[in-house]
There are 2 protein chains.
Amino acid sequence: MLTYTFKDNSIPLYIQAYNYIKNDIVSGILSPNEKLPSKRAFAENNGISIITIQNAYEQLSSEGYIYAKARSGYYVSEIKTRPLIPQAAISTEKICLPKKEENIDIDLSSNKMDPDNFPFSIWAKISRDTISNKSRELMEISPSSGCLVLREAIKEHLRSFRGMLVDPAQIIIGAGTEYLYGLIIQLLGYDKTYCTENPGYKKLAKIYEQYNINCNFLDMDEKGLSIKSLNESKADIAHISPNHHFPTGITMPADRRYEILAWANEASNRYIIEDDYDSEFRINKKPIPTLFSIDACQKVIYINTFSKSLSPTIRISYMILPVELANLYYKRLSFYSCTVSNFEQYTLASFIKEGYFEKHINRMRLYYARQRQKLINLINLSPLKEKIDILENESGLHFLIRIHTRYKDKVICERLAALGIKLVPLYDYYLSSKKVEEHYFLINYSNLDMEKMPAVFDKIAAII
Amino acid sequence: MLTYTFKDNSIPLYIQAYNYIKNDIVSGILSPNEKLPSKRAFAENNGISIITIQNAYEQLSSEGYIYAKARSGYYVSEIKTRPLIPQAAISTEKICLPKKEENIDIDLSSNKMDPDNFPFSIWAKISRDTISNKSRELMEISPSSGCLVLREAIKEHLRSFRGMLVDPAQIIIGAGTEYLYGLIIQLLGYDKTYCTENPGYKKLAKIYEQYNINCNFLDMDEKGLSIKSLNESKADIAHISPNHHFPTGITMPADRRYEILAWANEASNRYIIEDDYDSEFRINKKPIPTLFSIDACQKVIYINTFSKSLSPTIRISYMILPVELANLYYKRLSFYSCTVSNFEQYTLASFIKEGYFEKHINRMRLYYARQRQKLINLINLSPLKEKIDILENESGLHFLIRIHTRYKDKVICERLAALGIKLVPLYDYYLSSKKVEEHYFLINYSNLDMEKMPAVFDKIAAII
């Protein structure tokens, strides 16, 4: 007869019985096909109620540790393969988390956003209104391409802000551009060869690598992606950021744009992915028209993100597919669920439709222009002035500087890191090592504390 | 001299000038290297201000349509490749959206959620508190694996609700299980062979197909995935739902679990993906312990989703990686941004930590149990009673029925569709056509209007 000691603790008695019996089965104390005591006998022997042991038997039976025979009782199941060791409590030490950069006070490459710049009170109000007034819509499963109301808001924004004419059915919403790149790879096929700009956005190279995609890193000249290297490459898909290249800041001029469009037109499987990631922040000027809007032959996939224009912690991006690819998407990939929650899709849609997004962009553009000007003024007042050139461009949240120095970039960065200053060389953004330019460094001014900058510039000047 | 007609409309004069000149360049009216009029001359000739034409020239110059020569003026750039046709306004007709099912009144397979069941007021309150009190955290970029506070809340929930011991570093948050499947494929490699249960979750087959992955569909027996077909297959990775198989409802018994774990242990590259998608809704009983928690050898990737337990329109899922794979993830894939916005991560974390998630699950489990019982009672009161068997299981939001009929499943479904009733045969969930069972149908009761059911059952009974 099975006899166990039941404890007077928070664990229900039937779970205690279940655990005792299960352990005896798994450890082999109870043998396969052995008959278990009747419920009444077990209950009397252990001083518990019949209903308690009945619950335990039912649980063991539904998990397959025991089985019932009609009018006979419960028997131990035959479990051929037993676990050898019990699951150990996982120790944290075994998991190696990515190292954090320690002791960095000032990060001149950070694209973090100053929380004061996010329109929290408006966002909170719209979220609240959305939850109060749209409960039915919030529970309706979104189409794969995203909620229509958000796609319509984006369409309207693109028309008024970018002069782009698109159909909401061409717009695909996703949780970040990285996710959308994955959809594009699935859409265009794994057998295609991609190319990106070198130097460029390093994550892109990593993503293509993770998808096992053949990707070439092509040289740039002063107009952007070199047409010569594009023609020499075997690329089918050119993934570029013609409106504000990262990190050089180059804006591709009109003649090169038409050349690249002509390249895409030479073969039916060629496409251009136009990454327009920070076009909203072009200072003082009308935004540059997109490649997408001068493309007459449906060869451009346009991609943009609210993570850049609102906050990197909001994961909403979108792509606009040429009609043929949109049809392919609906045919082959629309079984995927949209990756953005309805709550955020509806909130963002109202934020755009009620004009807050445009106001936010205008405010941020002014803010970034002022930050940039303040920073440049501070550089000009510091000893750095004589030792660097600022490579200005009219857009975005960063610029490059060129340092007049005889030290290697690596040495400069290491010495600055020891002082708590992170400065990233252009060199770091090269995806292949051919033709690397030394002495150029990135300055991102989206979240710099200007009061600390004079001291930082003194330190940089002393080291270079 | 260039002469244009400026209109008194909402388009700024400098944009009008820009458009006129750009069109003349692109269409060839202005020739490459032709000198443009001086700003003063253009302004006088067209009756606009010098500052207006200056802005237009600067915009054209920054886009590369014209170039400046020092002390000489502006010239037309050489644009070798011209667009042949202008971008047409996209017509909607060309895009074929997926067809919607029309005229379906009652969908017996729908897993949509009744909006009344979502805890809107609590969710709204927590969202509001999150935005008010956590503005700094909301702007901090989340680790790739998700915000720590959410991973800790999930860890604690799994400990108390599922008896699982995990380290938050093993938990990876993502925008839906479909997205996480993609990460798993990248993590384990494209060269692996996968297998899933047949019948099974059709989307899974589509996802593996889109990733170009070799995937076998293996037979099931009454205990779940057949060990015989698993051993005969060349699979490295078994993707299964042992706790509540969709759509058959089978719970894998203990002996089969140990057999599958033993299979995984036979080779170092073998893993099991345990999809625990609706385990929260096991009726009346303690949840079945997961494969993950009886796995002694770190061979199980556990995956679950809040889209099932909260609402399909909230896109938050998670996976728990064995330590070795967690390390591989941090080494190779942690460059990816987390796909869930901070706003929802922090809101969900508080929702779990403050006990609302457990309350919600308990409430829903009771609700679904009552729905199921009501439905069964209605079936038993209807003429269907004599014509079908209900294949009960103790879990989830659906069960199977077996119809005694001489008609083909397809015929039954077509006739019902004509009456506005959607009934999906088990047959539809087979991923390969071997061994298809006829006359079984799925009934999902998560969002059925019980008042309409008697009439629906009469119609079904008349047709079969």
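In the predicted model, B:Tyr20 has a relative accessibility of 23% and therefore counts as partly exposed, whereas B:Tyr4, at 13%, counts as buried. Across all chains the structure holds 53 aromatic pairs, and B:Tyr4 and B:Tyr20 form one of them, a stacked pair with 4.7 Å from centre to centre and 5° between the planes. In chain A, one aromatic cluster is formed by A:Tyr4, A:Phe6, A:Tyr20, A:Phe42, A:Tyr57 and A:Tyr74. Charged side chains also lie over aromatic rings: A:Arg415 is placed over the face of A:Tyr407, at 4.7 Å from the ring centre, and B:Lys299 is placed over the face of B:Tyr271, at 4.8 Å from the ring centre.

The relation between the two chains was examined by superposition. Two copies of a chain are related by a rotation about an axis and a shift along it. Here, chain B is superposed on chain A by a rotation of 180° with a shift of 0.0 Å along the axis, and the RMSD is 0.1 Å. That is the relation of a two-fold axis. Of the interface residues of chain B, 100% are also interface residues in chain A, so the copies meet through the same surface.

Within chain B, an open sheet of 4 strands is arranged in the order S12-S13-S16-S15, with antiparallel pairing. Its edge strands are strand S12 (388-391) and S15 of chain B, each of which pairs on one side only. The antiparallel pairing of S12(B) with strand S13 (residues 398-403) of chain B extends over 4 bridges, and B:Ile390 has B:Ile401 in S13(B) as its bridge partner. Helix H15 (residues 356-381) of chain B packs on this sheet, where it touches S12, S13 and S16 of chain B, and its direction makes about 15° with that of S13(B). Helix H16 (residues 409-418) of chain B lies across S15 and S16 of chain B, and runs at about 40° to S16(B).

In chain A, the peptide bond from A:Asn198 to A:Pro199 is cis, with omega near 5°, and A:Pro199 is found in the loop between strand S5 (193-198) and helix H8 (202-210). The buried residues of H8(A) are A:Lys203, A:Leu204, A:Ala205, A:Ile207, A:Tyr208 and A:Gln210, and this helix is followed by A:Asn212, which has a positive phi near 60°. A cis peptide bond also joins A:Phe246 and A:Pro247, with omega of about 0°, and A:Pro247 is placed in the loop between strand S8 (237-240) and helix H10 (254-265) of chain A.

In chain B, positive phi values occur at residues other than glycine. B:Arg71 has a phi of about 55° although it is not a glycine, and this residue is found in the loop between strand S1 (66-69) and strand S2 (73-76) of chain B. Because its relative accessibility is 86%, B:Arg71 counts as exposed. For B:His439, phi is near 75°, again a positive value in a residue other than glycine; B:His439 is found in the loop between strand S15 (424-425) and strand S16 (440-444) of chain B.

Technical notes: Residues numbered from 1 in each chain as written. Chains lettered and ligands numbered in written order. Predicted model: local features only at pLDDT ≥ 70, side-chain atom pairs only at ≥ 80, totals over all residues. Heavy atoms only, no water. Helix = DSSP H or I, 4+ residues; strand = E, 2+ residues; numbered from the N terminus. Buried < 20%, exposed > 50% of the residue type's maximum accessible area, 1.4 Å probe, protein only. Least-squares fit on C-alpha atoms with pLDDT ≥ 70 in both. Contact = heavy atoms within 4.5 Å. Pairing = 2+ DSSP bridges. Axes fitted to C-alpha atoms, helices over the stretch in contact; angles between N-to-C directions. Phe/Tyr/Trp six-rings, centres within 6.5 Å; stacked < 30°, edge-to-face > 60°. Lys NZ or Arg CZ within 6 Å of the ring centre and 35° of its normal.
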